[in-house]
Amino acid sequence: MIKPRTPPGIMELLPRDQIAFQRMLDTIRRNYERFGFLPVETPVFELSEVLLTKTGGETERQVYFVQSTGALEKGGEGLPELAMRFDLTVPLARYVAEHEHDLAFPFRRYQIQRVYRGERAQRGRFREFYQCDIDVIGKDALSVRYDAEMPAVIHSVFSELGIGPFTIQLNNRKLLRGFFEGLGIADGEQQALVLREIDKLDKRGAEAVRATLTGEAFGLAEAVADRIMGFVQTRSRSHADALAQLDALGDANATLAQGVAELREVIELLRGYGVPEKNYAINFSIARGLDYYTGTVYETQLDDYPQIGSVCSGGRYENLASSYTKSKLPGVGISIGATRLFFQLREAGILSTAESSVDVLVGLMDETRLGDSLEIARGLRAAGIHTEVQLEVRKLQKQFQYADKAGIRFMVMYGEDEASRGVVKVKNLRSQDQFEVPKAELAAQLKVEIEQQRALQGR
(Lines give C-alpha, C1' and ligand atoms only; values in the text may rest on other atoms or scores of the structure.)
Protein backbone atom coordinates (compact mmCIF):
# COMPACT_ATOMS: atom_id res chain seq x y z
CA MET A 1 0.00 0.00 0.00
CA ILE A 2 1.32 3.47 -0.93
CA LYS A 3 1.64 5.87 1.98
CA PRO A 4 -0.45 9.00 1.28
CA ARG A 5 1.73 12.10 1.54
CA THR A 6 1.92 15.59 0.09
CA PRO A 7 4.99 16.43 -2.05
CA PRO A 8 7.45 18.71 -0.21
CA GLY A 9 7.05 22.43 -0.78
CA ILE A 10 3.24 22.31 -1.18
CA MET A 11 0.74 24.00 1.15
CA GLU A 12 -2.31 21.77 1.45
CA LEU A 13 -4.94 23.00 3.91
CA LEU A 14 -7.82 21.53 5.85
CA PRO A 15 -11.21 23.02 4.90
CA ARG A 16 -11.46 25.70 7.59
CA ASP A 17 -7.90 26.92 6.89
CA GLN A 18 -8.73 26.83 3.18
CA ILE A 19 -11.74 29.06 3.88
CA ALA A 20 -9.48 31.56 5.68
CA PHE A 21 -7.01 31.48 2.77
CA GLN A 22 -9.80 31.90 0.22
CA ARG A 23 -11.14 34.89 2.13
CA MET A 24 -7.70 36.47 1.99
CA LEU A 25 -7.63 35.96 -1.80
CA ASP A 26 -11.16 37.37 -2.06
CA THR A 27 -10.07 40.50 -0.16
CA ILE A 28 -7.10 41.00 -2.47
CA ARG A 29 -9.26 40.44 -5.57
CA ARG A 30 -11.98 42.80 -4.33
CA ASN A 31 -9.50 45.62 -3.78
CA TYR A 32 -7.80 45.08 -7.13
CA GLU A 33 -11.18 45.38 -8.83
CA ARG A 34 -12.02 48.51 -6.84
CA PHE A 35 -9.13 50.25 -8.55
CA GLY A 36 -10.31 49.25 -12.01
CA PHE A 37 -8.01 46.31 -12.74
CA LEU A 38 -9.29 43.62 -15.10
CA PRO A 39 -8.90 39.85 -14.54
CA VAL A 40 -6.55 37.78 -16.69
CA GLU A 41 -5.59 34.11 -16.52
CA THR A 42 -2.78 32.45 -18.44
CA PRO A 43 -2.00 28.73 -18.82
CA VAL A 44 -0.11 26.88 -16.11
CA PHE A 45 2.50 26.00 -18.73
CA GLU A 46 3.99 28.03 -21.57
CA LEU A 47 6.16 27.12 -24.53
CA SER A 48 9.68 26.67 -23.16
CA GLU A 49 11.18 29.06 -25.72
CA VAL A 50 8.75 31.77 -24.59
CA LEU A 51 9.08 31.19 -20.86
CA LEU A 52 12.88 30.97 -20.80
CA THR A 53 13.57 33.93 -23.09
CA LYS A 54 15.10 36.11 -20.40
CA THR A 55 16.02 33.63 -17.71
CA GLY A 56 19.23 31.97 -16.81
CA GLY A 57 21.26 31.04 -13.78
CA GLU A 58 19.23 30.36 -10.64
CA THR A 59 15.80 30.88 -12.22
CA GLU A 60 16.38 28.41 -15.03
CA ARG A 61 17.56 25.79 -12.54
CA GLN A 62 14.20 26.10 -10.74
CA VAL A 63 11.93 25.63 -13.77
CA TYR A 64 9.66 22.60 -13.98
CA PHE A 65 9.33 21.19 -17.48
CA VAL A 66 6.21 19.41 -18.77
CA GLN A 67 6.47 16.26 -20.86
CA SER A 68 3.69 13.95 -22.04
CA THR A 69 4.16 10.19 -21.82
CA GLY A 70 3.99 10.04 -25.62
CA ALA A 71 6.82 12.55 -25.98
CA LEU A 72 8.88 10.64 -23.42
CA GLU A 73 8.54 7.46 -25.47
CA LYS A 74 9.72 9.24 -28.62
CA GLY A 75 12.74 10.69 -26.84
CA GLY A 76 14.53 13.52 -28.59
CA GLU A 77 17.15 16.09 -27.79
CA GLY A 78 16.91 19.57 -26.29
CA LEU A 79 14.51 21.02 -23.79
CA PRO A 80 10.92 19.75 -23.52
CA GLU A 81 8.41 21.79 -25.49
CA LEU A 82 6.55 23.09 -22.43
CA ALA A 83 7.55 24.53 -19.05
CA MET A 84 5.50 25.58 -16.02
CA ARG A 85 5.34 29.29 -15.26
CA PHE A 86 7.64 30.41 -12.43
CA ASP A 87 6.02 33.85 -12.08
CA LEU A 88 3.15 35.82 -13.63
CA THR A 89 5.29 38.53 -15.23
CA VAL A 90 6.74 36.58 -18.16
CA PRO A 91 3.31 35.15 -19.07
CA LEU A 92 1.95 38.72 -18.89
CA ALA A 93 4.63 39.89 -21.32
CA ARG A 94 3.67 37.15 -23.77
CA TYR A 95 -0.04 37.86 -23.28
CA VAL A 96 0.27 41.60 -23.94
CA ALA A 97 2.49 41.07 -26.99
CA GLU A 98 0.13 38.45 -28.43
CA HIS A 99 -3.06 40.45 -27.84
CA GLU A 100 -1.54 43.91 -28.25
CA HIS A 101 -3.98 45.03 -30.96
CA ASP A 102 -7.04 43.90 -28.99
CA LEU A 103 -6.18 45.60 -25.71
CA ALA A 104 -6.94 49.15 -24.54
CA PHE A 105 -3.86 50.96 -23.23
CA PRO A 106 -2.93 51.68 -20.56
CA PHE A 107 -3.81 48.04 -19.92
CA ARG A 108 -4.71 47.37 -16.27
CA ARG A 109 -4.73 43.71 -15.31
CA TYR A 110 -4.81 41.65 -12.16
CA GLN A 111 -3.93 37.98 -12.00
CA ILE A 112 -4.30 35.57 -9.07
CA GLN A 113 -2.91 32.14 -9.94
CA ARG A 114 -0.45 29.48 -8.87
CA VAL A 115 3.17 29.48 -10.02
CA TYR A 116 5.82 26.77 -9.74
CA ARG A 117 9.50 26.79 -8.77
CA GLY A 118 11.88 23.97 -7.91
CA GLU A 119 12.80 25.53 -4.57
CA ARG A 120 14.85 23.55 -2.07
CA ALA A 121 12.26 22.08 0.29
CA GLN A 122 12.31 23.93 3.63
CA ARG A 123 9.82 25.45 6.03
CA GLY A 124 8.12 28.50 4.56
CA ARG A 125 9.54 27.98 1.04
CA PHE A 126 7.09 26.66 -1.53
CA ARG A 127 7.32 24.94 -4.89
CA GLU A 128 3.69 25.68 -5.69
CA PHE A 129 2.29 29.00 -4.51
CA TYR A 130 -0.21 31.72 -5.33
CA GLN A 131 0.88 35.10 -6.62
CA CYS A 132 -1.53 38.03 -6.71
CA ASP A 133 -0.28 40.58 -9.26
CA ILE A 134 -1.44 43.87 -10.70
CA ASP A 135 0.27 45.76 -13.51
CA VAL A 136 -0.44 48.85 -15.58
CA ILE A 137 1.11 48.57 -19.06
CA GLY A 138 1.47 51.63 -21.31
CA LYS A 139 2.20 51.86 -25.00
CA ASP A 140 5.31 53.92 -25.83
CA ALA A 141 5.07 55.81 -22.50
CA LEU A 142 3.47 55.57 -19.06
CA SER A 143 3.18 58.47 -16.61
CA VAL A 144 4.93 58.18 -13.23
CA ARG A 145 1.49 58.98 -11.76
CA TYR A 146 0.68 55.29 -12.12
CA ASP A 147 3.65 54.55 -9.87
CA ALA A 148 1.83 56.46 -7.12
CA GLU A 149 -1.30 54.37 -7.61
CA MET A 150 0.45 51.16 -6.52
CA PRO A 151 0.90 52.22 -2.86
CA ALA A 152 -2.76 53.26 -2.83
CA VAL A 153 -3.75 49.72 -3.85
CA ILE A 154 -1.35 48.20 -1.31
CA HIS A 155 -2.83 50.41 1.42
CA SER A 156 -6.37 49.40 0.47
CA VAL A 157 -5.55 45.66 0.48
CA PHE A 158 -3.65 45.51 3.77
CA SER A 159 -6.05 47.85 5.57
CA GLU A 160 -8.94 45.50 4.77
CA LEU A 161 -6.93 42.38 5.61
CA GLY A 162 -6.64 43.84 9.12
CA ILE A 163 -3.32 42.18 10.01
CA GLY A 164 -1.79 45.12 11.86
CA PRO A 165 0.19 48.28 11.07
CA PHE A 166 2.31 48.25 7.93
CA THR A 167 4.73 50.49 6.06
CA ILE A 168 5.12 50.78 2.28
CA GLN A 169 8.79 51.51 1.65
CA LEU A 170 9.65 53.35 -1.56
CA ASN A 171 12.79 54.09 -3.52
CA ASN A 172 13.86 54.76 -7.11
CA ARG A 173 16.57 52.84 -8.98
CA LYS A 174 17.54 55.93 -11.00
CA LEU A 175 18.16 57.76 -7.75
CA LEU A 176 20.44 54.92 -6.62
CA ARG A 177 22.30 54.75 -9.93
CA GLY A 178 22.75 58.53 -9.94
CA PHE A 179 24.20 58.42 -6.44
CA PHE A 180 26.63 55.68 -7.52
CA GLU A 181 27.66 57.73 -10.54
CA GLY A 182 28.55 60.57 -8.18
CA LEU A 183 30.88 58.16 -6.35
CA GLY A 184 32.62 57.14 -9.57
CA ILE A 185 30.70 53.85 -9.96
CA ALA A 186 29.57 54.52 -13.53
CA ASP A 187 29.70 51.07 -15.13
CA GLY A 188 26.22 49.63 -15.52
CA GLU A 189 27.24 46.08 -14.62
CA GLN A 190 29.05 47.20 -11.48
CA GLN A 191 26.07 49.33 -10.49
CA ALA A 192 23.78 46.31 -10.88
CA LEU A 193 26.06 44.22 -8.63
CA VAL A 194 26.11 46.92 -5.95
CA LEU A 195 22.31 47.27 -6.20
CA ARG A 196 21.85 43.55 -5.61
CA GLU A 197 24.17 43.66 -2.63
CA ILE A 198 22.53 46.60 -0.85
CA ASP A 199 19.14 44.97 -1.43
CA LYS A 200 20.34 42.32 1.06
CA LEU A 201 20.90 44.88 3.83
CA ASP A 202 17.96 43.82 5.98
CA LYS A 203 18.81 40.12 5.60
CA ARG A 204 22.61 40.22 5.99
CA GLY A 205 23.12 43.30 8.11
CA ALA A 206 25.19 46.44 7.51
CA GLU A 207 28.57 44.99 8.52
CA ALA A 208 28.27 42.00 6.19
CA VAL A 209 27.19 44.16 3.23
CA ARG A 210 30.00 46.66 3.85
CA ALA A 211 32.56 43.85 4.07
CA THR A 212 31.38 42.51 0.70
CA LEU A 213 31.60 45.95 -0.94
CA THR A 214 35.18 46.44 0.22
CA GLY A 215 36.15 42.83 -0.41
CA GLU A 216 37.88 41.27 -3.41
CA ALA A 217 34.70 40.86 -5.49
CA PHE A 218 33.90 44.61 -5.48
CA GLY A 219 37.12 46.28 -4.37
CA LEU A 220 35.51 49.59 -3.38
CA ALA A 221 37.54 52.04 -1.32
CA GLU A 222 36.70 52.26 2.38
CA ALA A 223 35.53 55.86 2.01
CA VAL A 224 33.23 54.98 -0.91
CA ALA A 225 31.74 52.04 0.98
CA ASP A 226 31.16 54.27 4.01
CA ARG A 227 29.26 56.80 1.90
CA ILE A 228 27.15 54.03 0.32
CA MET A 229 26.32 52.51 3.72
CA GLY A 230 25.37 55.89 5.15
CA PHE A 231 23.19 56.63 2.15
CA VAL A 232 21.29 53.32 1.99
CA GLN A 233 20.41 53.44 5.69
CA THR A 234 18.35 56.61 5.11
CA ARG A 235 14.72 56.29 6.20
CA SER A 236 12.04 58.97 6.36
CA ARG A 237 9.82 59.51 9.42
CA SER A 238 6.98 61.53 7.88
CA HIS A 239 5.73 62.99 4.60
CA ALA A 240 7.60 66.25 5.17
CA ASP A 241 10.76 64.39 6.17
CA ALA A 242 10.62 62.29 2.98
CA LEU A 243 10.49 65.43 0.84
CA ALA A 244 13.30 67.01 2.88
CA GLN A 245 15.48 63.92 2.42
CA LEU A 246 14.95 64.13 -1.35
CA ASP A 247 15.73 67.87 -1.39
CA ALA A 248 19.00 67.19 0.42
CA LEU A 249 20.22 64.95 -2.42
CA GLY A 250 20.46 67.82 -4.88
CA ASP A 251 20.97 67.27 -8.61
CA ALA A 252 24.63 66.33 -8.99
CA ASN A 253 23.92 64.50 -12.26
CA ALA A 254 21.01 63.93 -14.64
CA THR A 255 20.30 60.38 -13.47
CA LEU A 256 20.12 61.40 -9.81
CA ALA A 257 17.97 64.43 -10.63
CA GLN A 258 15.49 62.32 -12.61
CA GLY A 259 15.24 59.71 -9.85
CA VAL A 260 14.66 62.40 -7.20
CA ALA A 261 12.01 64.11 -9.35
CA GLU A 262 10.13 60.84 -9.98
CA LEU A 263 10.16 59.76 -6.33
CA ARG A 264 9.11 63.25 -5.22
CA GLU A 265 6.12 63.17 -7.58
CA VAL A 266 5.10 59.75 -6.28
CA ILE A 267 5.38 60.86 -2.63
CA GLU A 268 3.41 64.06 -3.25
CA LEU A 269 0.62 62.16 -5.04
CA LEU A 270 0.15 59.70 -2.17
CA ARG A 271 -1.85 62.29 -0.23
CA GLY A 272 -4.20 62.69 -3.18
CA TYR A 273 -4.68 58.92 -3.20
CA GLY A 274 -5.57 59.04 0.49
CA VAL A 275 -2.61 57.03 1.79
CA PRO A 276 -1.87 58.09 5.41
CA GLU A 277 1.73 59.22 5.95
CA LYS A 278 2.13 56.65 8.74
CA ASN A 279 1.87 53.95 6.07
CA TYR A 280 4.71 55.01 3.75
CA ALA A 281 8.37 55.98 3.96
CA ILE A 282 11.37 56.33 1.68
CA ASN A 283 14.04 53.68 2.23
CA PHE A 284 17.18 54.08 0.13
CA SER A 285 18.20 50.44 0.65
CA ILE A 286 15.20 49.13 -1.34
CA ALA A 287 16.55 48.13 -4.74
CA ARG A 288 14.71 44.90 -5.65
CA GLY A 289 17.04 42.20 -6.89
CA LEU A 290 15.55 41.85 -10.37
CA ASP A 291 17.44 43.84 -12.99
CA TYR A 292 14.40 44.73 -15.09
CA TYR A 293 13.25 47.32 -12.54
CA THR A 294 14.27 50.77 -13.76
CA GLY A 295 12.50 53.39 -11.61
CA THR A 296 10.19 53.34 -8.59
CA VAL A 297 10.45 50.23 -6.39
CA TYR A 298 8.31 49.12 -3.44
CA GLU A 299 8.48 46.77 -0.48
CA THR A 300 5.83 46.47 2.24
CA GLN A 301 6.51 45.27 5.77
CA LEU A 302 4.28 44.53 8.76
CA ASP A 303 5.57 46.87 11.49
CA ASP A 304 5.03 44.39 14.32
CA TYR A 305 6.49 41.42 12.43
CA PRO A 306 9.67 42.59 10.61
CA GLN A 307 10.97 39.01 10.61
CA ILE A 308 8.33 38.12 8.00
CA GLY A 309 10.07 40.39 5.49
CA SER A 310 8.36 41.97 2.50
CA VAL A 311 4.69 41.02 2.10
CA CYS A 312 4.18 42.96 -1.15
CA SER A 313 6.79 44.22 -3.60
CA GLY A 314 7.24 45.45 -7.16
CA GLY A 315 8.28 48.40 -9.25
CA ARG A 316 8.58 50.19 -12.58
CA TYR A 317 10.08 48.63 -15.72
CA GLU A 318 10.73 50.23 -19.10
CA ASN A 319 9.86 47.55 -21.62
CA LEU A 320 7.89 44.52 -20.55
CA ALA A 321 7.73 42.56 -23.78
CA SER A 322 10.84 43.49 -25.78
CA SER A 323 11.51 39.81 -26.55
CA TYR A 324 8.09 39.34 -28.15
CA THR A 325 7.24 42.64 -29.90
CA LYS A 326 8.91 45.73 -31.35
CA SER A 327 6.44 47.97 -29.50
CA LYS A 328 7.71 49.68 -26.36
CA LEU A 329 5.53 48.63 -23.44
CA PRO A 330 6.59 50.27 -20.16
CA GLY A 331 4.76 49.36 -16.99
CA VAL A 332 4.56 49.28 -13.23
CA GLY A 333 3.27 46.52 -10.99
CA ILE A 334 3.21 44.84 -7.59
CA SER A 335 2.91 41.26 -6.40
CA ILE A 336 1.66 39.63 -3.20
CA GLY A 337 2.96 36.12 -2.56
CA ALA A 338 -0.29 34.92 -0.99
CA THR A 339 0.77 31.39 -0.01
CA ARG A 340 3.91 32.51 1.81
CA LEU A 341 2.03 35.42 3.41
CA PHE A 342 -0.78 33.18 4.67
CA PHE A 343 1.68 30.59 6.00
CA GLN A 344 3.71 33.20 7.89
CA LEU A 345 0.66 35.01 9.27
CA ARG A 346 -0.70 31.72 10.55
CA GLU A 347 2.68 30.78 12.05
CA ALA A 348 2.85 34.16 13.80
CA GLY A 349 -0.66 33.68 15.21
CA ILE A 350 -2.07 36.67 13.31
CA LEU A 351 -4.58 34.58 11.37
CA SER A 352 -6.77 31.93 12.95
CA THR A 353 -8.78 29.06 11.54
CA ALA A 354 -12.02 30.29 10.00
CA GLU A 355 -15.51 29.10 10.71
CA SER A 356 -17.19 27.04 8.03
CA SER A 357 -18.58 28.73 4.94
CA VAL A 358 -21.76 26.82 5.84
CA ASP A 359 -23.93 29.01 8.07
CA VAL A 360 -26.57 26.52 9.19
CA LEU A 361 -27.02 22.78 9.62
CA VAL A 362 -30.65 21.65 9.51
CA GLY A 363 -30.84 18.65 11.79
CA LEU A 364 -32.95 15.54 11.21
CA MET A 365 -34.98 14.53 14.25
CA ASP A 366 -36.59 11.42 12.72
CA GLU A 367 -37.21 9.90 9.30
CA THR A 368 -40.67 11.40 9.00
CA ARG A 369 -39.22 14.92 9.14
CA LEU A 370 -36.82 14.65 6.16
CA GLY A 371 -39.28 16.45 3.87
CA ASP A 372 -39.64 19.25 6.44
CA SER A 373 -35.85 19.57 6.75
CA LEU A 374 -35.45 19.84 2.99
CA GLU A 375 -38.23 22.45 2.83
CA ILE A 376 -36.59 24.53 5.60
CA ALA A 377 -33.22 24.32 3.81
CA ARG A 378 -34.77 25.49 0.53
CA GLY A 379 -36.18 28.56 2.26
CA LEU A 380 -32.87 29.39 3.92
CA ARG A 381 -30.90 29.02 0.67
CA ALA A 382 -33.41 31.21 -1.15
CA ALA A 383 -32.66 33.88 1.48
CA GLY A 384 -28.94 33.61 0.73
CA ILE A 385 -28.01 31.53 3.78
CA HIS A 386 -25.53 28.70 3.16
CA THR A 387 -27.28 25.62 4.44
CA GLU A 388 -26.48 21.92 4.86
CA VAL A 389 -29.06 19.23 5.70
CA GLN A 390 -28.43 16.23 7.93
CA LEU A 391 -29.69 13.45 5.65
CA GLU A 392 -29.42 10.50 8.03
CA VAL A 393 -30.97 10.12 11.44
CA ARG A 394 -28.31 10.23 14.19
CA LYS A 395 -28.38 10.95 17.89
CA LEU A 396 -28.85 14.66 18.46
CA GLN A 397 -25.56 14.92 20.33
CA LYS A 398 -23.75 13.39 17.33
CA GLN A 399 -25.33 16.00 15.05
CA PHE A 400 -24.16 18.78 17.40
CA GLN A 401 -20.63 17.34 17.44
CA TYR A 402 -20.52 17.11 13.66
CA ALA A 403 -21.64 20.72 13.19
CA ASP A 404 -19.20 21.99 15.80
CA LYS A 405 -16.21 20.11 14.34
CA ALA A 406 -17.11 21.31 10.82
CA GLY A 407 -17.16 24.92 12.07
CA ILE A 408 -20.90 25.46 11.49
CA ARG A 409 -22.24 28.00 13.99
CA PHE A 410 -26.03 27.46 13.88
CA MET A 411 -28.09 24.28 14.02
CA VAL A 412 -31.82 24.22 13.29
CA MET A 413 -34.09 21.58 14.87
CA TYR A 414 -37.65 20.83 13.79
CA GLY A 415 -39.23 17.85 15.50
CA GLU A 416 -42.73 16.80 16.41
CA ASP A 417 -43.01 19.24 19.31
CA GLU A 418 -41.79 22.20 17.24
CA ALA A 419 -44.11 21.27 14.35
CA SER A 420 -47.13 21.17 16.65
CA ARG A 421 -46.37 24.74 17.81
CA GLY A 422 -45.33 26.13 14.41
CA VAL A 423 -41.84 27.07 15.60
CA VAL A 424 -38.26 26.11 14.82
CA LYS A 425 -35.55 25.71 17.44
CA VAL A 426 -32.14 27.29 16.75
CA LYS A 427 -28.92 26.62 18.68
CA ASN A 428 -25.77 28.77 18.48
CA LEU A 429 -23.03 26.18 18.90
CA ARG A 430 -20.44 28.80 19.91
CA SER A 431 -22.36 30.58 22.64
CA GLN A 432 -24.59 27.55 23.42
CA ASP A 433 -27.56 29.94 23.38
CA GLN A 434 -30.82 28.40 22.17
CA PHE A 435 -34.02 30.12 21.05
CA GLU A 436 -37.26 29.45 19.19
CA VAL A 437 -38.65 31.43 16.28
CA PRO A 438 -41.86 31.09 14.23
CA LYS A 439 -41.11 28.91 11.22
CA ALA A 440 -42.12 31.66 8.77
CA GLU A 441 -39.65 34.06 10.40
CA LEU A 442 -36.66 31.66 10.54
CA ALA A 443 -34.75 33.00 7.53
CA ALA A 444 -35.13 36.65 8.58
CA GLN A 445 -34.04 35.93 12.16
CA LEU A 446 -31.04 33.86 11.09
CA LYS A 447 -29.90 36.57 8.67
CA VAL A 448 -29.82 39.01 11.59
CA GLU A 449 -27.89 36.54 13.77
CA ILE A 450 -25.37 35.79 11.02
CA GLU A 451 -24.79 39.47 10.23
CA GLN A 452 -24.24 40.21 13.92
CA GLN A 453 -21.66 37.43 14.16
CA ARG A 454 -19.86 38.67 11.03
CA ALA A 455 -19.80 42.22 12.39
CA LEU A 456 -18.24 40.97 15.64
CA GLN A 457 -15.60 39.10 13.66
CA GLY A 458 -14.84 42.17 11.52
CA ARG A 459 -15.77 40.69 8.15
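Which way does α12 pass α13, in a left-handed or a right-handed crossing?

**Before you start**

This is a predicted model: local features need pLDDT of at least 70, side-chain atom pairs count only at pLDDT 80 or more, and totals for chains, interfaces and linings use all residues. Residues are numbered from 1 along each chain as its sequence is written, and side-chain values use heavy atoms, with hydrogens and water left out.

**Stop 1: the whole chain**

Show the protein chain as a cartoon. It has 18 helices and 16 strands. Helices (H or I, at least four residues) and strands (E, at least two) are DSSP runs, numbered from the N terminus. Along its principal axes, the C-alpha trace spans about 90 × 65 × 45 Å. Of the 459 residues, 48% are buried. Buried means under 20% relative accessible area, exposed means over 50%, and partly exposed lies in between (1.4 Å probe, protein chains only). Now think about contacts, meaning heavy atoms within 4.5 Å. Take those with a separation of 6 or more: 68% of them join residues 24 or more positions apart.

**Stop 2: α12 and α13**

Select residues 239–247 for α12 and 254–272 for α13. The two helices pack at an angle of about 170°, with axes 10 Å apart. Therefore α12 is roughly antiparallel to α13. Axes are lines fitted to C-alpha atoms, for helices over the stretch in contact, and angles run from 0 to 180 degrees between N-to-C directions. Angles under 35 degrees count as roughly parallel, over 145 as roughly antiparallel, 65 to 115 as roughly perpendicular and the rest as oblique.

Here is the opening answer: α12 passes α13 in a left-handed crossing. A crossing is left-handed if the near helix is turned anticlockwise from the far one by less than a right angle, and right-handed if clockwise.

Show the side chains. From α12, pick His239, Ala242, Leu243, Leu246 and Asp247. They meet Val260, Leu263, Arg264, Ile267, Glu268 and Arg271 in α13. This contact has six nonpolar residues, one polar and four charged. Ala, Val, Leu, Ile, Met, Phe, Trp, Tyr, Cys and Pro count as nonpolar, Asp, Glu, Lys and Arg as charged, and the others, Gly among them, as polar.

**Stop 3: α7 and α13**

The axes of α7 and α13 come within 7 Å and cross at roughly 150°. That makes α7 roughly antiparallel to α13. Their crossing is left-handed. On the α7 side, look for Lys174, Leu175, Arg177, Gly178, Phe179 and Glu181. On the α13 side, look for Thr255, Leu256, Gln258, Gly259, Val260, Glu262 and Leu263. Colour them by type: five are nonpolar, four polar and four charged.

**Stop 4: α8 and α10**

The crossing of α8 and α10 is right-handed. Val194, Glu197 and Ile198 of α8 make the contact with Val209, Thr212 and Leu213 of α10. Four of these residues are nonpolar, one is polar and one is charged.

**Stop 5: α11**

Which residues of α11 are buried? Select 222–232 and find Val224, Ala225, Ile228, Met229, Phe231 and Val232. Look down the axis of α11: the buried residues fall within an arc of 160°, so they line one face of the helix. The arc is that of the directions from the helix axis to the C-beta atoms. The face turned away carries the exposed residues Ala223 and Arg227.

**Stop 6**

Go to phenylalanine 105 and proline 106. A cis peptide bond joins them, with omega about 0°. Proline 106 sits in the loop between α5 (89–98) and β5 (107–116).

Next, aspartate 140. Its phi is near 75°, a positive value in a residue other than glycine. Aspartate 140 is in the loop between β6 (128–137) and α6 (145–161). It counts as exposed, at 54% relative accessibility.

Then glutamine 432, in the loop between β15 (423–428) and β16 (434–438). Phi of glutamine 432 is also positive, near 70°. This residue is partly exposed, with a relative accessible area of 45%.

**Last stop: alanine 406**

Select alanine 406 in helix α16 (residues 396–406). It is partly exposed, at 26% relative accessible area. Not counting residues up to four places away in sequence, alanine 406 touches Arg16 and Ser356.
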